[in-house]
Amino acid sequence: MHPYIGSGPYCFSNSLAMALGEDAPSPSVIEVLTGSPFGFQLLADEVPLFDPFGWDPEIGLDSAIDVLGYTCERSDGGDADEALGRLRAGTERGPVLVGPMDMGLLLHQPGSGSATGADHYVVVLAVDGGTVVFHDPHGHPYATLPAAEFLEAWRGEEVAYLEEPFALRTSFARRREVSAHEALRASLPAAVSWLGVRDDRDVPPGSLANADGLERLADQVGAGELGTEIREMLEKFSVRVGARRLSDAAVALTGAGYPEPGRLLREQAALLGGLQYPLVTGDDAAFATGLRRLAPTYGHLREVLAKTVAGPAPSGGADATGVR
């Protein structure tokens, strides 16, 4: 295995790793524990996301925190003054994981200034007078913003899955010792479930999952129906984060003693990662063909993972962090 090492849009996993501190597994392992690699969704017949049908980062964070053996306090809602008070109180007990926020309104980032609905997470370290000090995993340690501007981004009105504004998690506490290997094993039933398609998932009308969604996206590409915003989203975010998620899942599961799902995940990562060039260069025929090659692999992965869950746990070996 040759794992990918480098930057990428892993804001909630990076933020959780920072919040948990020195005992946290790597952000790559945390990302796998959130369930994000295990599916594809085309929301409302328009928005392509390489994560599971009905999944969002809030669901993923709760899952990762649980299987890693931690608890935390989550709160949201209220007005801006109440939210700032909760944030200030939280930082007195330790780092505070804040989000989702609207990335377009984080004014310390170049090119920001208007709401985009792009979700983002940060770790707040202090509220110093009227200034919020935070680690932004998008490349900005010890970033600062005036409290009013931070609150405006934190309100997140354009973030599609946000139910209440001003969401935060704090007071992280470890209730049991869990290795990365054990956490990965515990997360596999959820991965199998995410790869299935259920009618009870909260998605907009017209949404499609996995093979159906990828085939539909391929049809849209072939017919020249991709809008400029969706194409830019695919180029700048969806394909690269999806390929990294699959690559990290391949490394994690292989390292934890599950070579067959690891092999299939690696094939998926290579298929998806290889689509960045035809996408950016406008070779829509090649891009659509690649999407169709990827489509059936999600069903195959579900079958392999279901057998893995039903089988015995691997004995011996190093876990996904390299620690026995």
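Author: What follows is a set of questions about the terms applied to this structure, which is a predicted model, each answered by setting a value against its cut-off.

Reader: What makes F12 and Y121 an aromatic pair, and why is the pair called edge-to-face?

Author: The ring centres of F12 and Y121 are 6.1 Å apart, and rings count as a pair if their centres lie within 6.5 Å. Their planes stand at 75° to each other, and an angle over 60 degrees counts as edge-to-face, so both parts of the description hold for F12 and Y121. The structure holds 6 aromatic pairs, and this is one of them.

Reader: Which parts of the chain does that pair tie together?

Author: F12 belongs to helix α1 (residues 11-20) and Y121 to strand β5 (residues 119-128), so the pair ties together parts that are 109 residues apart in sequence.

Reader: How do you know whether F12 and Y121 are buried or exposed?

Author: The relative accessible area of F12 is 4% and that of Y121 is 0%; buried means under 20%, and therefore F12 and Y121 are both called buried.

Reader: Why is the pair of F40 and F50 called tilted?

Author: The centres of F40 and F50 are 4.8 Å apart, with 55° between the planes. F40, at 0% relative accessibility, counts as buried, as does F50 at 3%.

Reader: What makes R244 a charge over the ring of Y10?

Author: R244 lies over the face of Y10, at 4.2 Å from the ring centre, and the distance cut-off for such an arrangement is within 6 Å.

Reader: Where is Q268 found, and why is Q268 called buried?

Author: Q268 is found in helix α9 (residues 259-273). Its relative accessible area is 0%, and the cut-off for buried is under 20%, so Q268 qualifies. Leaving out residues up to four places away in sequence, Q268 touches L246, L294, T297, Y298 and L301.

Reader: Which residues have the most contacts inside the largest nonpolar core?

Author: That core has 66 residues, and L16, F38, L253 and L305 are those with the most contacts inside it. Helix α8 (residues 228-255) gives the largest share, 9 residues. Another core, of 23 residues, lies apart from it and includes V122, A147, F150 and L168. As for L16, its contacts beyond neighbours within four places in sequence are I30, L61, A64, I65, L97 and F172. Among these, L61, A64 and I65 are also listed as buried in helix α3 (residues 57-67).

Reader: What makes β2 and β9 edge strands?

Author: The open sheet is formed by 3 strands in the order β2-β1-β9, with antiparallel pairing. β2 and β9 (208-209) each have a single partner strand, so one side of each is left without a neighbour in the sheet.

Reader: How do you know that β1 and β2 pair?

Author: β1 and β2 share 3 bridges in the antiparallel sense, and pairing requires at least two bridges, so the two strands count as paired. In β2, V47 is the bridge partner of L43.

Methods. Residues numbered from 1 in each chain as written. Predicted model: local features only at pLDDT ≥ 70, side-chain atom pairs only at ≥ 80, totals over all residues. Heavy atoms only, no water. Core = buried A, V, L, I, M, F, W, Y, C linked by side-chain atoms within 4.5 Å. Buried < 20%, exposed > 50% of the residue type's maximum accessible area, 1.4 Å probe, protein only. Helix = DSSP H or I, 4+ residues; strand = E, 2+ residues; numbered from the N terminus. Contact = heavy atoms within 4.5 Å. Phe/Tyr/Trp six-rings, centres within 6.5 Å; stacked < 30°, edge-to-face > 60°. Lys NZ or Arg CZ within 6 Å of the ring centre and 35° of its normal.
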